[in-house]
Amino acid sequence: MGRLAARFRRLDAYAKTLDDVRIKTLTGGLLTVAAAALVAVLVGLEFAAFRRVELQPELVVDRERSETMRINLDITLPRAPCVLLGLDVLDAAGEAQINLFQHVATERLAPNGTALGEYSAAAARQHVAAPPATAADGQAYCGSCYGGVAPEGGCCNSCDDVHQAYVRRGWAFSDPDSIEQCVREGYTARMRAMAGEGCRMRGFIEVGKVAGNFHILAGESIKYAGEHTHAQYDYMPRDYDLSHTINRLSFGSGFSAQSSPLDGVSKRADDAHTQFKYFTKIVGSEVRYRNGSVLQSNQYSATEFVGSGARRTPGLFVMFDISPMRVVYTEHRRSLGSFLTSVCAIVGAVAAVARLADACAFRAERALQQKRQIGKLI
């Protein structure tokens with residue numbers, strides 16, 4: 001047993017010196033404190049990196065074909081009143097959706113940007129005269145739809161009811177002053193009173209996941225016999241342009257690595273005929289979390305075009321095309337073994353450098369002392 005211990009003793013790479021021959025210096029003490037502080041800082045940084053969760057991307061062919069895609073939008077148009085604007089979608093499959101305000105809230109803005117409250121047909125009716133309870137013949141009042149497609153109840157008791165009846169019929173709502181309900185409610189006067197206001201649109205729309213566009217244009221959206229157009233009438237506000245700020249525009253749910261380059265983009269129109277077009281390439285994205293859950297979303301790149309001229313349709317267009325590629329993000333965190341290896345490397349490297357610096361400083365100090373003793377250094 002003694003021989004075996006002696007053999008292992010000869011393998012000792014860390015030979016010790018006696019305490020009597022060890023010399024402690026001020027320089028060595030300072031280096032020790034500095035080395036300990038440096039080790040603490042570096043180990044802290046490594047621990048923070050160990051705790052940080054990162055998303056590692058991988059590019060694959062997109063084999064997913066979702067039926068619909070959600071577009072989240074928050075757009076401010078400071079020089080176009082809400083009553084004038086339409087929000088429509090056209091896609092490559094020939095599908096046209098008009099007036100998509102079911103999940104988009106519109107807020108009126110004063111010329112200085114102050115919010116004036118929500119704009120909607122229901123909100124507008126709160127400040128107009130209610131329909132009469134009975135008609136001239138003593139029967140319960142049932143307003144005419146003036147040839148439009150009547151709602152389920154068969155009566156159009158408000159100007160908005162008549163308007164929607166016209167929309168369902170595909171007719172232009174060009175002369176509200178000839179409609180009894182609109183005259184009673186002061187429809188055209190309310191429209192003109194909103195001149196000079198702005199509008200903010202916030203919410204989401206659902207579209208098919210095919211190439212297409214959504215656009216914001218001035219005038220009433222009309223879909224008739226497969227055609228889609230926007231009509232402006234004399235009673236609508238005329239002094240407007242489509243200057244805008246895109247506060248937010250994303251396709252699908254948000255995640256940390258999502259790219260949304262149009263967020264915060266602001267443009268000012270040169271005149272009422274300015275047309276803005278944004279061309280986006282949508283890339284499907286998938287996030288795989290460490291807990292096993294998966295998030296399906298999208299991100300996009302964008303370019304833009306701004307044109308002006310009497311022949312251009314003034315509007316804000318967002319064109320979207322679908323990429324055949326997909327980015328898969330996998331949530332990743334460093335292993336415990338990697339962290340411990342880094343800590344050992346930091347401690348060893350700092351200790352070695354500190355020992356080398358201490359040895360150099362000690363030798364220089366001893367050399368200076370010897371020269372003083374023999375009188376070579378004054």
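What share of the contacts in the protein chain with a separation of 6 or more comes from residues 24 or more positions apart? The figure is 73%, where a contact means heavy atoms within 4.5 Å. Keep in mind that this is a predicted model, in which local features need pLDDT of at least 70 and side-chain atom pairs count only at pLDDT 80 or more, while totals for chains, interfaces and linings use all residues. Residues are numbered from 1 along each chain as its sequence is written, and side-chain values use heavy atoms, with hydrogens and water left out.

**The chain as a whole**

- The protein chain has seven helices and 15 strands; these are DSSP runs numbered from the N terminus, with helices being H or I of at least four residues and strands being E of at least two.
- Out of 378 residues, 35% count as buried, and buried here means under 20% relative accessible area, with exposed over 50% and partly exposed in between (1.4 Å probe, protein chains only).

- Side chains of opposite charge can pair when their charged atoms come close.
- Searching the whole structure turns up 14 salt bridges, each one a side-chain nitrogen of Lys or Arg within 4 Å of a carboxyl oxygen of Asp or Glu.
- One of them joins D62 and R326, at 3.2 Å from N to O.
- D62 sits in the loop between β1 (54-61) and β2 (68-77) and R326 in strand β15 (residues 315-332), so this pair ties together parts that are 264 residues apart in sequence.
- Both ends are tucked away: D62 is buried at 5% relative accessible area, and R326 is buried at 4%.
- D62 and R326 also belong to a network of salt bridges that takes in E286 and R288.

**Two other pairs to look at**

- E304 and K267 form a salt bridge at 2.5 Å, N to O.
- That pair links distant parts of the chain, with E304 in strand β14 (residues 294-308) and K267 in strand β12 (residues 265-267), 37 residues apart.
- E304 is partly exposed at 40% relative accessibility, and K267 is partly exposed too, at 25%.
- R190 and E185 meet in a salt bridge at 3.8 Å, N to O.
- Here R190 is partly exposed, with a relative accessible area of 23%, whereas E185 is buried at 8%.
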